[in-house]
Amino acid sequence: MKLKGNYYNGNFHISNQGDEHFKKHCPADLNQILWEFQEDCSQIDSIIDSAIAGFKTWKQTPLKNRMECIKRYALAIEKRKEEIARALSLEVGKPLWESLTEASGVIAKVNVTLEESLKRIENTHYQNIMPQINGQVNFKPIGPSIVIGPFNFPCHLPNGQILSLLLAGNSIIFKPSEKTVYSAQLLIECFHEAQFPAGVINFFCGGAAGTQRFTRHPDIKGIFFTGSKPVGLKILESTYRDLNKLVALELGGKNSSIVHSDASQVHAVSELIKASFLTSGQRCTSSGNILVHRSLFDSFSKLFKETIDRIIVDHPITHKVIPFMGPLIDEDAVKKFQSYIQRLEKSGAEQFIAPREIKTSFEGHYCSPVVHTLQNYDAKKHEIIGEERFAPHTTLIAYDDIDEALSIANSSEFGLAAAIFTQDEKIFQHAANTLDVGIFNRNRSTVGASSKLPFGGVKNSGNYRPAAVSMIDACVYPQATLETADASSHIHDLPGLRE
Ligand code: NAD
């Protein structure tokens, strides 16, 4: 994988000198080095200047032309879909079938943004909003914005924010996770091919120190961040004094799925296998806790275990049988997973499915699905179940009463997603009213959202600027105008003037 460096003023700028060195091993095959690069912070000022110049051009560019550029980008992605998917599989470790879904999602997002998001920021006119006066709201772009991406969806998530920003007239600087730079670079190459005006699209490869130079810079007006709560907080802490800045945070989650007494168990198991173990549990919407009504706890657990035993974990591309999941992203993730298991067991949770050795032809960060059970949940003793863990793990928790289940689900510091499996409309409505989450599904897994709906959480999962279809709302500000057609006012009409 050949890295080309940062992108600004319409070109890539490779640098062999820099501040920090990054080296990427394929998580599915540690003997394969994918790429190395030097973070070059000396280019940061040039990148910001480029984004400022790009914004000046782009905000004056007619919407029709902006839309044409974006459509050309979709065509460029379409041509390189397989290549993008392979890169995602090697960098993140997700199976090729899943990476192809992500690459297709990048293209699909173009249509959703054009057809569904754009209408949210259409200018509005009000005839005679006051006597003889017309009103108008124009939505204006906020300015050069940085999009900071996570490792688990290196293309799909930043792509959604970038498209909304661009369509609304903002220039962008894309800062991908330092773990997935090559997949991100492929998106930039497609933007390049689509011939956006110079400076509209910019790209910075680097880590925390370099990124902070952007987020703190007074000319960067928008910060669109997807990642962990601790990093999101750091961004807020370092920017809150600058009232010019709009900060949109899409953060973590510790999501509960509830399997109520009337649920179809086969259906629930099939959905919850996806919810718990897709992307090896490295999804912000993964179900890390499954709350099961005590009347079906044993039968549900048995079926869940039988299905988990059939899960294939292997190299995402080179395998004999298509795997359900690949490795974790890096060694640190594996260590954090092991430590979580130890702490969970110390809190009293019982091991239900133990970690097993994964037999593959490669040395990688492979982990098998692990499940614990809790028969008697205690809020103080089992506080750890509210902690996010990006790994193939879930805890099955028995409950007797629906309000007990809802209270367990709400005990997490996060409020991203939840699901309930029930045929009972009243139970569903009661849960929807009670749960403090931004995404709430019925008889469906917590993972796998629709781009046509808002996507975001409350509590420590975000700051009320949901992504997907509604992301565009945060990419503009409304300018309100009152316009008098009749310019015949006279000074005589003013009250309180001396003769
Ligand atoms: P992370 O927070 O470690 O890193 C995210 C990005 O922040 C990376 O690009 C990183 O380089 C950058 N970064 C690190 N320190 C920074 C700093 N001080 N200032 C600015 N940027 C900085 O997250 P990750 O491990 O890549 O992704 C996993 C996390 O993302 C999980 O918590 C997951 O729940 C969350 N996530 C949330 C959503 C969502 O839509 N809510 C989606 C995907 C992932």
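Predicted model: local features only at pLDDT ≥ 70, side-chain atom pairs only at ≥ 80, totals over all residues.
User: What makes domain 1 and domain 2 separate parts of the chain?

Analyst: The bounds come from an automatic or database domain assignment. By that assignment, domain 1 covers 6-251 + 462-482 and domain 2 covers 255-442. Their centres, taken over C-alpha atoms, are 31 Å apart.

User: How do you know that domain 1 and domain 2 are in contact?

Analyst: Contact means heavy atoms within 4.5 Å, and 22 residues of domain 1 meet that rule with 26 residues of domain 2. Buried area is the accessible area (1.4 Å probe) that two parts lose on being put together, summed over both. Here that area is about 2,000 Å², with 63% given by carbon and sulfur atoms. On the domain 1 side, Ala-28, Leu-30 and Trp-97 lose the most area to domain 2, together 23% of what that side buries.

User: Why is the pair Lys-229 and Glu-413 called a salt bridge?

Analyst: The term needs a side-chain nitrogen of Lys or Arg within 4 Å of a carboxyl oxygen of Asp or Glu. The side chains of Lys-229 and Glu-413 have an N to O distance of 2.8 Å, so the pair qualifies. Between domain 1 and domain 2 the count is three salt bridges, and the whole structure has 22.

User: What makes the salt bridge of Glu-193 with Lys-79 a link between distant parts of the chain?

Analyst: The closest N and O atoms of Glu-193 and Lys-79 are 2.7 Å apart. Glu-193 sits in helix α6 (residues 181-193) and Lys-79 in helix α2, 114 residues apart. Helices (H or I, at least four residues) and strands (E, at least two) are DSSP runs, numbered from the N terminus.

User: Why is a space called a cavity and not a pocket?

Analyst: On a 1 Å grid over the protein atoms alone, a cavity is a set of points where a 1.4 Å probe fits but cannot get out, whereas a pocket is an open set with protein on both sides within 12 Å along at least five of seven lines; lining residues have an atom within 4 Å of a point. Five cavities of 30 Å³ or more turn up in the whole structure. The largest has a volume of about 80 Å³, and among its 15 lining residues Gly-281, Arg-283, Ser-286, Gly-288 and Arg-389 are closest to the centre. A volume is the space filled by probe spheres set on the points, which are joined across faces, edges and corners.

User: What makes up the lining of the second largest pocket?

Analyst: That pocket has a volume of about 370 Å³, and its 20 lining residues include Arg-66, Phe-139, Lys-140, Pro-141 and Ala-168, the closest to its centre. β6 gives the most, with four residues. The lining divides into 11 nonpolar, five polar and four charged residues, where Ala, Val, Leu, Ile, Met, Phe, Trp, Tyr, Cys and Pro count as nonpolar, Asp, Glu, Lys and Arg as charged, and the others, Gly among them, as polar.

How values were computed
Residues numbered from 1 in each chain as written. Heavy atoms only, no water.
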